[in-house]
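I opened the model and kept notes as I went. Entries follow in the order I looked things up.

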Amino acid sequence: MLPGDGVGPEVALAARRVIEAVALSFGQAFTFEEQAIGGAAIDSVGDPLPPATVEACLAADAVFLGAVGGPKWDGGPRRPEEGLLGIRRALGLFANLRPVRVDAAIADRSPLKREIVEGADLLIVRELTGGLYFGEKTRSVDAASDLCVYTVLEVERIARVAFAAARRRRGKVASIDKANVLETSRLWRETVTRVGASEFPDVALEHGLVDSAAMRLVLAPKSYDVILTENLFGDILSDEASVLTGSIGLLGSASLGDGRPGLFEPIHGSAPGIAGKDLANPIGAINACAMMLRDGLNLDGEARAVEAAIAQFLRAGEFTADMGGRLKGSAAADRIVGAIAG
């Protein structure tokens, strides 16, 4: 458990309570270990990713992260976000999965019309360790540059994750790039096409440009099944997609690699303005728990129980402040925990 900063400790507590409820209901046993990351780690030991945290994560079966960052650490010698990038690198996590579902119970909470969003069910598969974020960076007095690099191997492995996910869903992958302009995107498109044709002929593949995909995501989100894209485009599109549900506080994510523990977290960030006020929506963290149970611990039945408890809570019509309601975050967690316990 890496509670982190801002509302991270609050939602991490909700996540732990959910896992403990799963343990009681299913006769499982989970062992928890808490470590520092981000700004909290800077405050305690001067390092956003202490060696003890890395060691504990590598020894774990799964890693849950609350959130990192906040203005408190602006201008300092170290940034909390170094901890997040560092733990992704240490665990070899190259695939970020963000599911977005809009059930009837929350369709009216979206800023888009109900008929556009109700029933949308898509998965964004984002490459996590390449592209502009990790390329060579230079800076002079009057110019700066970030190098965007992708290798065939990097594209192949993330493509396989997306195609395999589509096989378990509705069998469609939309690969998003900027192949009309960028050479890395042309390599991306060629490689994804080859992997799909040779290894996943049963999965339908289409290609799209990121600008038109951004429009389609709000005009026709139900037309997407699995969206596959590179690091920068995935970062932007996944946050855009969170608007479909009406609140970024509802969504969880999984970052996966080859063999090492996965990292599971809500996508909403540290929200320092509401930290300590019991206003944070715990559902993103709880959805991340469901992903952790399924994708990290191979406990599909337990994951479905968590998802059913979330659905039951949303159908009841009581919401936290981010969704226009008055329910406190801890009270929302109480109801979901109660639904799991039966």
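I am working on a predicted model, where local features need pLDDT of at least 70, side-chain atom pairs count only at pLDDT 80 or more, and totals for chains, interfaces and linings use all residues. Residues are numbered from 1 along each chain as its sequence is written, and side-chain values use heavy atoms, with hydrogens and water left out.

**Entry: overall shape**

I looked up the secondary structure and got 12 helices and 11 strands. Helices (H or I, at least four residues) and strands (E, at least two) are DSSP runs, numbered from the N terminus. The C-alpha trace spans about 50 × 50 × 40 Å along its principal axes.

I then checked the radius of gyration, taken over C-alpha atoms, against the globule rule of 2.2 Å times the number of residues to the power 0.38. For 342 residues a compact globule would come out near 20 Å, and the protein has 20 Å, so the two agree.

Buried residues make up 49% of the 342.

Contact here means heavy atoms within 4.5 Å. Among contacts between residues at least 6 apart in sequence, 75% join residues at least 24 apart.

**Entry: the cores**

A nonpolar core is a set of buried Ala, Val, Leu, Ile, Met, Phe, Trp, Tyr and Cys residues joined through side-chain atoms within 4.5 Å. Which members of the largest one touch the most others? I found F64, L228, V306 and I336, in a core of 82 residues. Helix α10 (residues 283–296) gives the largest share of this core, 9 residues. Another core lies apart from it, with 14 residues, among them L2, V63, L91 and L93.

Leaving aside neighbours within four places in sequence, I336 is in contact with V18, I283, I286, A309, I310 and F313.

**Entry: helix α6**

I compared the length of α6 (residues 152–168) with expectation.

The buried residues of α6 are E154, V155, E156, I158, A159, A162, F163, A165 and A166. What do they pack against? The partners are strands β3 (93–101), β4 (121–127), β7 (172–177), β8 (204–209) and β9 (226–229), plus helix α7 (183–199).

**Entry: two buried loop residues**

K178 sits in the loop between β7 and α7. Is K178 buried or exposed? Its relative accessible area is 17%, so K178 counts as buried. A polar contact is a pair of N or O atoms within 3.5 Å; within protein, one must be able to donate a hydrogen and the other to accept it, and residues adjacent in sequence count only if both atoms are side-chain atoms. The K178 side chain makes such a contact with the side chain of D211, at 2.7 Å. Beyond four places in sequence, K178 touches S185, L209, V210, D211 and F233.

T320 lies in the loop between α11 (300–315) and α12 (329–341). T320 is buried, at 3% relative accessible area. Its side chain joins that of D322 in a polar contact of 2.6 Å. Outside four places in sequence, T320 is in contact with N281, P282, G325, L327, K328, G329 and A332.

**Entry: backbone and surface**

Most residues other than glycine have a negative phi. I noted A271, not a glycine, with a positive phi of about 40°. A271 lies in the loop between β11 (262–266) and α10 and is partly exposed at 30%. N298 has a positive phi too, near 60°. N298 is in the loop between α10 and α11, and is exposed at 66%.

L297 is also placed in the loop between α10 and α11, but counts as partly exposed at 23%. L297 touches F30, D61, A62 and M292, not counting residues up to four places away in sequence.

Last, P111, in the loop between β3 and α5 (114–117). P111 is exposed, at 61%. Leaving aside neighbours within four places in sequence, P111 is in contact with V243 and G246.

Conventions
Buried < 20%, exposed > 50% of the residue type's maximum accessible area, 1.4 Å probe, protein only.
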